[in-house]
Amino acid sequence: MLFAASPCPGAVVACVEVADGHPALVPVRDSKNPHGPTLLIPDEAWAAFIAGLKGGCPAGR
């Protein structure tokens, strides 16, 4: 599984990494603990989360 780190300008303490290529799931982990647990988020929930961060309205709401 290949993870990509989120951009953390000037911050080294609160970054997450996200993997791509998994059907229906988005794996997320703490960049400081790459061998620790991975949170598996359903892709629809991830899309709603990202839309909320961007100021959009989650689908179906």
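Predicted model: local features only at pLDDT ≥ 70, side-chain atom pairs only at ≥ 80, totals over all residues.
## Overall composition

The protein chain has 61 residues, of which 16% count as buried.

Along the sequence their pattern is β-β-β-β-α. Among contacts in the protein chain with a separation of 6 or more, 10% are between residues 24 or more positions apart.

## The sheet

The four strands form an open sheet with antiparallel pairing, in the order β1-β2-β3-β4. The edges are taken by β1 (3-5) and β4 (39-42); each has a single partner strand, so one side of each has no neighbour in the sheet. From one strand to the next, the twist averages 30°.

In a regular strand, side chains alternate between the two faces of the sheet.

## Strand pairings

Strands β2 and β3 pair in the antiparallel sense over three bridges. Val18 has Val28 in β3 as its bridge partner. The two strands β2 and β3 form a hairpin, with five residues between them. In the turn of this hairpin, Gly21 has a positive phi of about 95°.

Strand β3 (residues 25-30) is also joined to β4, by four bridges, and these two strands run antiparallel. Here the bridge partner of Val26 is Ile41, in β4.

## The helix on the sheet

Helix α1 covers residues 43-53 and packs on the sheet. The strands touched by helix α1 are β2 (16-19), β3 and β4. The direction of helix α1 makes about 85° with that of β4.

## The aromatic pair

The count of aromatic pairs comes to one. The pair consists of Trp46 and Phe49, with 5.5 Å centre to centre and 45° between the planes. Planes under 30 degrees apart count as stacked and those over 60 as edge-to-face, so the angle of this pair places it in the tilted class.

Both residues belong to helix α1: Trp46 and Phe49 are three residues apart there, and so are separated by about one helical turn. The relative accessible area of Phe49 is 45%. Buried means under 20% and exposed means over 50%, so Phe49 is classed as partly exposed.

Definitions and conventions. Residues numbered from 1 in each chain as written. Heavy atoms only, no water. Buried < 20%, exposed > 50% of the residue type's maximum accessible area, 1.4 Å probe, protein only. Contact = heavy atoms within 4.5 Å. Pairing = 2+ DSSP bridges. Axes fitted to C-alpha atoms, helices over the stretch in contact; angles between N-to-C directions. Phe/Tyr/Trp six-rings, centres within 6.5 Å; stacked < 30°, edge-to-face > 60°.
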